[in-house]
Amino acid sequence: MATLQMDEVSLNSEPVYDDEAEEFEIEGDCAMTEYVGQTGIIQNPLPPAVGMEFESYEDVYYFYNCYAKEQGFGVRVSNTWYRKSKERYRGKLSCSSAGFKKKSEANRPRPETRTGCPAMIKFRLMETKRWRIIEVELEHNHLISPTSGKFYKSHKTLGAGTKRPLQADVAEGVQTIRLFRTVIIDSDGCGNADVNDGTYGNNVDHYNQLRFKEGDALAVHNYFCSSQLMNPNFLYSIDLNEKGCLRNIFWADARSRVAYGYFGDVVAIDTTCLTDKYEVPLVSFIGVNHHGHRVLLGCGLVAGETIESYIWLFRAWLTCMLGRPPQAIITAQCRTLQAAIADVFPRASHCLCLSLIMQKIPEKLGGLLEFEAIKVALNRAVYHSLRVDEFETTWEKMIQHFGIGDHRWLQALYEDRKRWVPVYLKDIFLAGMFPNQQNEVVAPFFDGYLHRNTPLKFFFDKYDQALRTRQQKEALANLESRNSRFVLKPRCSFEFQLEKLYTNDIFKKFQREVEGIYSCFSTRQKHADGHILTYIVKGQIEVEENRRETRDYEVSFDTTEMEVFCVCGLFNFKGYLCRHALAVLNQNGMEEIPPQYILSRWRKDMKRTYVLDHGCNGIDINNPVHRYDHLYKCIVQVVEEARKSQDRYKDAIQALDEILNKVHLIEDHPV
């Protein structure tokens, strides 16, 4: 197994959880003292690591407490999460110096002994009914000494003086805790895999490290080194397993990081290479730019489809993007992905890619007797329902008519319906990245460059080719949008307005909606409620090949706020107004589209430069990525001035040497 050695960029960050279950916080160590010290002390305990598994909650505490005693710090139960059934499903153990004591109003309050120490482990109950460590922080912000362990409350029941006699099948004073390595979870979220059922350290799980072939590690190393030489703002992070082998990798260049600032509202996470078993285990973060073209926002290589690998990768990416999560995330349907996204992006709207789901219909339903009729009914329910109750009724009729209520795939789809059926997603802005029209398919970012059997050692050449092609396409589209003009027919003032503002590609899409106004053969006011007017716009849609159907679209128009909303929801799906809303605005004598419906992300007059630049007020000194970017910018300014003469050069070298010596003398503190 080839391993790659690099300087690791620490990207640990404290996530914000939004668990639906009730949460109880347990202060102090009393709650756990009944469970420890009953079976002796682990000799020379290994440091906790993500992926370790234990038989019980108590075993996790016992293991961490033994490790803490060996290192010289105490343990405190910070949090335990319970389900409504009172079953524990998650826990957090911290250094006893974590947090700070609540302020006391006593005349002589006790002195503060805590330091807000970040050292901790988090663990959760898996489907296998074992407890797995999912996050580890080993660094303390205070001095620790093994000789001080006996003074901590959590250690009182360890070693001599235990309340119960030692009960172990091994040498006296030693207990073997059985650990299990990280488990692979398949794309449907089922936990079935080969698991090492043995003591920790005997074997490495097949999915606990990247499976490199000859030349792969060298290719990764060479690419990262050359990228940093040519692009100092290129950032990468690596995740090593307990044996020092590569488990996961993340990287992003300056262009991706700046592009996220412009187009980071909606992000698709493409895991096709994992689900389709490509040679390259690639995960891509994708956005859409001002032309509606796909843009790369970062990449990763992961050991397997495990929740631990996904969580690590998502946190690395989020830290690289300065902790600013997207508003919406689109992924394939996968329970493991859903769990990881809920963990790292609890406030983002998580949508499942509709086109990927519909592409599975022949595979999942092809064996049914009335497959063709079922497919037509399913398409109708998904693509042509305008309201939630309409979808629910149509779906239920389909299930009952064809007798497919016990089909497991359809059951799973229905359970997830609020994440992928368009009628449920109208309130989420998706910037054209969610294909909500029948036969609308989104091609992968590396389509044509990366194939199932492409070796990893050849991937980075293909990667560079794909990026160059995309960047050239964007540059050409920028040029055409600035210099070319459309020949417009005098039919609608909205066209003249947006032709001056939107890029060519987006304007062409908007033009189709303008043309569609004239296929809306009836626009009538249904009722008025003060300044809010409600209209019914009749239009035709194609429900099957060569068969069209007339539908009523309800459009509300607020004449005071100049807000318009159509039941079709096109604005949030695509980012521009639909033909039905335009028809209502036109009927009300509006000559221009209200400004709130002209999005800056589509404008061609916006200056976009792909150079990282953090203003002084935007620097977060607690963020290592932010510190690096700001320091690099400052150093570049010194270089530019110092190169102008020999005297300046000599002074700069002397000053930099002094700064470096001074920095070396500063004692580091964990941040």
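Which residues are linked in a network of salt bridges? Select Arg90, Lys122, Glu135, Arg315 and Asp343, and you have that network on screen. A salt bridge here is a side-chain nitrogen of Lys or Arg within 4 Å of a carboxyl oxygen of Asp or Glu.

Before going on, a word about the model. It is predicted, so local features need pLDDT of at least 70 and side-chain atom pairs count only at pLDDT 80 or more, while totals for chains, interfaces and linings use all residues. Residues are numbered from 1 along each chain as its sequence is written, and side-chain values use heavy atoms, with hydrogens and water left out.

**The whole chain**

Of its 671 residues, 49% count as buried; buried means under 20% relative accessible area, exposed over 50%, and partly exposed in between, with a 1.4 Å probe and protein chains only.

The salt bridges come to 28 in total. Start with Glu58 and Arg88, whose side chains meet at 2.6 Å, N to O. Glu58 sits in helix α1 (residues 57-71) and Arg88 in strand β4 (residues 88-95), so this pair ties together parts 30 residues apart in sequence. Glu58 is buried at 16% relative accessible area, whereas Arg88 is partly exposed at 23%.

Next, pick Lys213 and Glu279, where the closest N and O atoms are 3.0 Å apart in a salt bridge. They link distant parts of the chain, 66 residues apart: Lys213 is in the loop between β8 (198-199) and α2 (216-230), and Glu279 in the loop between α4 (272-275) and β12 (282-288). Glu279 is partly exposed, at 36% relative accessibility.

Then show Glu499 and Arg485, another salt bridge, at 2.8 Å from N to O. Glu499 belongs to helix α14 (residues 493-499) and Arg485 to the loop between α13 (456-483) and α14, so the pair ties together parts 14 residues apart in sequence. Is Glu499 buried or exposed? Glu499 counts as buried, at 4% relative accessibility, while Arg485 counts as exposed, at 59%.

**The nonpolar cores**

Now colour Ile249, Trp251, Leu282, Trp420 and Leu430, which touch the most other members of the largest nonpolar core, a set of 110 residues. Such a core consists of buried Ala, Val, Leu, Ile, Met, Phe, Trp, Tyr and Cys residues joined through side-chain atoms within 4.5 Å. Helix α9 (residues 371-383) gives this core its largest share, seven residues. Apart from it lies another core, of 36 residues, including Ala252, Tyr260, Tyr310 and Ile329.

Centre on Ala252 in strand β10 (residues 246-252). Ala252 is buried, with a relative accessible area of 1%. Its C-alpha atom is separated by 6.9 Å from that of Leu297, 45 residues apart along the chain. Beyond four places in sequence, the residues in contact with Ala252 (heavy atoms within 4.5 Å) include Asn233, Phe234, Arg257 and Cys320.

**Last stop: Arg608**

Finally, select Arg608, in the loop between α17 (579-587) and α18 (624-642). Arg608 is buried but has no salt bridge, and the nearest side chain of opposite charge, Asp605, is 6.8 Å away. The Arg608 side chain does reach the backbone oxygen of Arg603, at 3.0 Å. Not counting residues up to four places away in sequence, Arg608 also touches Tyr262, Phe263 and His290, among others.

How values were computed:
Helices (H or I, at least four residues) and strands (E, at least two) are DSSP runs, numbered from the N terminus. Lys and Arg count as positive and Asp and Glu as negative; His and the chain ends are not counted. A polar contact is a pair of N or O atoms within 3.5 Å; within protein, one must be able to donate a hydrogen and the other to accept it, and residues adjacent in sequence count only if both atoms are side-chain atoms.
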